[in-house]
Every structure is written in C-alpha cells, then in structure tokens.
Amino acid sequence: MNLAASTSRAIPPSSPSRHQDVAVESRDEASSSQGSGDQATGDVSSRALVSLRTPETNSTVRSLSDSLVVAGLTQAMDTTLGVVVVVSKPLIAVGQWLEPVVMPLLHAAAHPPLVPAGLSPAAMLTRLRRAGTTARNELVNGVDTEVRTRATPLAKAVLERVDTTAIVLEAVDLKAIVTAALDSIDLTDTVVSRVDLERVVTAALDAMDLTALVRDRVDLAALADEVIEDVDLPEIIRESSTGVASDVVRGARMGAIAGDDIVAKWVDRVLLRRRARRTDVPHERQEILADDQATDETVREPSAADPNDRSAHE
Amino acid sequence: MIGQLMSERQVRVDPIPREARPYQGNRAGVVTRTAAGGIDYAIIVIATLSTYASYGVFVFLLNPRGVQWPTWPFFVFLIIGFVYMVTYLTLAWATTGRTYGARVLGVRVVNFRGNKVSWPSALVRAAFCAVFPVGLYLCIVNRGNRSVQDVVLRTSVIHDWSSHHRADVTPPPPESLDEESTR
C-alpha cells in the first residue's frame with residue numbers, strides 16, 4: 001500500500017493519464033490485496049514498475065541519466081527491471097490462477113479459528129507493518145535531516161571546485177535568457193517604480209563637473225547661434241522694451257513706407273520709367289558709413305572677423 | 001552663459017524691425033514726408049493759435065471790463081506761423097536732424113555727407129520750406145525722392161528709425177544677429 005502510494009508520487013505531474021492508470025492499478029491492487037499479505041504487495045510493485053516503463057517515463061529517466069552522465073547505472077537499473085518483469089510475469093499469472101484457491105486459504109491462515117485476534121497472524125503482520133512504517137519514516141526523516149545538514153556544505157564544496165561561471169557561459173544561451181526576461185518584464189516601469197531616480201541623478205550630477213563637461217563637449221558658440229536664430233532674440237528684446245504706442249508708430253511708419261512705394265510705382269509707370277528709383281544714400285554718405293564701420297571693427301575682437309565684412313574688403 | 005558668449009562675440013542687437021531695415025538710409029517718399037510735415041504743420045498751427053489765445057487772455061487781464069477779443073488780420077497769423085515754423089525747423093534740423101513729425105515717421109534730414117545739417121543750412125532750408133512748401137512734391141516725380149529744397153541745398157530726408165542722436169545711421173554690421181538671421 002505504501003509502495004503504491006510512493007509509486008504514485010513518483011509519477012511525473014506532467015502525465016495525468018499515467019497517474020490515473022497507476023492510481024487505478026493501485027486501487028485494484030488494494031482491493032485484491034485486502035488481507036492477502038506480502039505476496040500481493042510484491043505483485044503490485046512489479047505491476048507498478050511495469051507501468052512506469054512508458055515512453056514519457058523513459059524519456060524522463062533518459063534525460064536524467066544524460067544530465068547526470070550515469071549511463072552505466074541506467075543500464076544496470078534497466079537490466080534489473082527487465083529481470084523483475086520477466087520473473088514477475090509468470091508469478092503474477094500463477095498467482096491469478098491460484099487466487100480463488102489461495103486467497104481463502106491465506107485468509108484462513110491469517111485468521112485461524114480458536115486463536116485470539118491479537119495473536120492471529122494478520123494482527124502480527126499488521127504490527128510488523130506498523131513497525132516497518134515507523135522505521136521507514138524514521139529512516140526517511142533521518143536521511144532528510146542528513147541531506148539538509150550536509151547538502152549545503154557539499155554543494156559549496158562542489159561549487160568551489162567547479163568553475164560554474166565558465167560552465168554557464170559555455171552551456172547556457174545567456175542572450176536568449178536575457179532577451180526572454182527583458183521581453184517578459186517592463187523594464188522602464190520596474191526602474192521607475194523601484195529606483196530612486198532623483199537620488200541616482202543627484203549622485204551622478206554631484207559626481208561630475210557638469211559645467212566643465214558641457215564646456216568640453218558642447219559647441220557652445222554654434223548652440224548659441226542656433227538658439228539666437230530660433231528665438232529671434234532681437235524681436236523679443238524689441239517687444240519687451242516697446243509698448244502699444246511704439247507698435248502704433250511702427251505701423252504708421254510702415255504704412256507710410258508702403259504708400260511711398262505705391263505712389264512711386266504708379267508715377268514711374270505713368271512717366272514710362274523703366275529703371276527703379278535710386279533712393280539710397282548719397283555716395284559721400286556711403287564712405288562715411290564705411291569709415292564708421294572700420295572704426296567699429298578696430299574695437300571688436302580680432303577673432304570675430306567676418307569674411308562678409310564689407311569694411312574688411314574695402 | 002549665452003550672454004557671456006554674446007559679449008565675447010560682440011553680437012549687436014539691431015533695434016530696427018526686420019521689415020524696416022531695407023529702407024534705413026534711403027530717401028523717404030512723398031507719403032512719409034507729407035505725413036511728417038502734416039504733424040509739424042499741426043504743431044505750428046496749434047502754437048500759433050495758442051499765441052493768439054494767450055494774447056487774448058493777456059488783454060483780458062489788462063482790462064477785464066472793456067475786454068474785446070483781439071481781431072488779428074490773417075497775415076499776422078501767417079507771420080507768426082512763419083516765424084514759428086522757421087525757428088522750429090531750424091532748431092530741430094540743426095540739433096537732432098528731425099522734427100517731431102519726422103521723429104514719429106522715422107525720418108531725418110541730412111546733408112550731402114549724410115551728417116546733420118549745419119545751422120545756416122538748417123535756417124535756409126527751414127525758410128525755404130516755410131516759403132515754398134509745395135516744393136516737397138517734387139519728390140513725387142524725382143528719381144531720387146528729392147524735393148526742391150533737397151535739390152537746391154543738397155540735403156536728403158532719409159529713413160532713420162534708430163533712436164540714437166547720431167546724424168549718420170550705421171547699418172547693421174555684418175556680425176549682427178539680425179543680418180545673419182535674414183540671410
């Protein structure tokens with residue numbers, strides 16, 4: 001009965017049908033062996049072992065043997081199982097054939113007449129079985145305790161002698177594992193929820209000289225040019241320093257200029273003029289402006305020379 | 001930091017709006033000059049009428065009982081207005097190069113060198129404009145937008161929106177922000 005239970009526990013959880021078969025067999029065995037003795041128990045064990053030899057079990061055992069690299073041990077176990085199967089099959093057949101005759105006899109032998117129930121063979125077998133169960137439990141507990149106490153030091157000793165890192169690097173597809181792990185988790189969410197980003201950023205900023213870094217790596221001149229060009233700084237300064245009245249004046253001036261252009265265009269059209277008017281400053285004035293420009297340039301920084309500078313060409 | 005960069009690069013901010021920059025330094029047309037002159041004429045008219053009103057008040061204070069509102073012939077107004085106008089224009093052109101009307105419209109009177117006109121030139125031009133204001137309208141047909149006074153006295157009325165009191169208008173320098181942004 002215990003063997004049947006342990007056998008059912010030995011079935012992998014991935015094979016429910018197999019588990020059901022074993023359970024049915026165990027129930028059959030239990031019903032047939034009710035008061036039948038140790039012979040029935042051996043019969044059940046052989047049947048359970050036979051039932052274990054399924055493709056799934058074989059594959060499990062094979063993979064286990066492959067992983068432990070104990071092919072010889074596996075072969076020996078298979079041989080033993082084969083012997084057990086070969087021997088037990090005739091015995092089972094004989095037992096089944098003799099069952100109608102033997103079972104009453106065994107029952108009578110277990111419960112002989114005129115013998116007190118406490119002294120009958122069945123009661124003695126029951127006591128023996130209980131004693132065996134107790135001994136087995138103690139043995140299992142002892143082994144379990146022993147394993148618990150010695151497994152960790154043993155594992156440590158093994159790991160000290162084995163280059164686990166090299167084995168993992170050689171045998172494990174770390175990239176696939178990491179990829180699968182990253183696919184299965186939202187790393188950003190994990191970092192945001194579990195990492196104190198403010199502290200990390202503060203520590204990073206404290207550790208580096210950001211000003212020096214920016215000065216070293218950023219083209220500040222180009223950046224400033226781009227920013228100034230984008231924001232139209234002169235317009236902002238102008239708008240912030242002028243009021244509504246200035247806007248009105250500005251509009252009036254631009255309106256007058258537009259009126260000038262319209263009048264000039266129509267008059268020139270009436271007078272059949274083909275060339276546009278020359279309204280630029282007099283020649284003398286251009287020279288004065290150029291002189292002023294040159295004076296300004298001498299005040300400026302030499303590195304700020306501009307190839308488009310008119311004064312530089314004149 | 002950007003300010004430091006700007007100071008290092010001698011970046012200048014042109015106070016003149018972008019759309020008006022192409023006109024700076026060019027001679028103004030008839031509409032602009034008429035508008036500026038109209039403002040100046042209005043000022044002169046107000047000043048003349050104020051003088052007339054002040055005189056009436058003065059007469060009233062002298063003889064409150066037998067007061068009579070003074071009756072001036074029209075030529076008196078013309079003379080007063082003429083004097084006011086010549087004085088006003090001379091002072092304005094010789095000092096800043098611009099009257100109030102010219103300031104509103106953003107124009108300035110310069111001589112043939114592009115500088116402020118001298119006191120004598122300002123006086124002559126003021127008298128010329130006061131005597132012959134219609135001479136302004138030569139700029140309608142003149143190719144250089146020049147009035148009779150401009151042609152005779154070699155002056156120009158140019159667009160100059162800058163607020164500084166230099167007679168010569170410095171155009172935006174090559175490194176100016178606005179000039180770069182308009183390229």
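I began with chain A: 8% of its 314 residues count as buried. Buried here is 20 or more other C-beta atoms within 10 Å of a residue's own, exposed is 12 or fewer, and partly exposed lies in between, with C-beta atoms placed from the backbone.

A note on the source: this is a predicted model, where local features need pLDDT of at least 70, side-chain atom pairs count only at pLDDT 80 or more, and totals for chains, interfaces and linings use all residues. Residues are numbered from 1 along each chain as its sequence is written, while chains are lettered from A and ligands numbered from 1 in the order in which they are written.

**Chain A**

I looked up the secondary structure of chain A and found 16 helices and zero strands. Helices (H or I, at least four residues) and strands (E, at least two) are DSSP runs, numbered from the N terminus. Next came Val267(A), in helix 14 (residues 244-270) of chain A. Val267(A) has 17 other C-beta atoms within 10 Å, so it is partly exposed. Leaving out residues up to four places away in sequence, Val267(A) touches Ile140(B) and Val141(B). Contact means C-beta atoms, placed from the backbone, within 7 Å.

**Strands of chain B**

I turned to strand 1 (residues 107-110) and strand 2 of chain B, which run antiparallel and are joined by four bridges. Strands pair if DSSP finds at least two bridges between them. Val109(B) has Val157(B) in strand 2 as its bridge partner. Which way do the residues of strand 2 (residues 156-159) of chain B point? Ser156(B) and Ile158(B) point one way, Val157(B) and His159(B) the other, and all are buried.

**Helices of chain B**

I checked helix 3 (residues 74-95) against helix 5 (residues 119-131) of chain B: the angle is about 140° and the axes are 8 Å apart. Axes are lines fitted to C-alpha atoms over the stretch in contact, and angles run from 0 to 180 degrees between N-to-C directions. Helix 3 and helix 5 of chain B are therefore oblique to each other. Under 35 degrees is roughly parallel, over 145 roughly antiparallel, 65 to 115 roughly perpendicular, and the rest oblique. The residues of this contact of helix 3 with helix 5 of chain B divide into 13 nonpolar, one polar and one charged. Ala, Val, Leu, Ile, Met, Phe, Trp, Tyr, Cys and Pro count as nonpolar, Asp, Glu, Lys and Arg as charged, and the others, Gly among them, as polar.

Last, I took helix 2 (residues 30-62) of chain B, which packs on helix 3 of chain B at about 130°, with axes 9 Å apart. That makes helix 2 of chain B oblique to helix 3 of chain B.

Note on methods
Contact = placed C-beta atoms within 7 Å.
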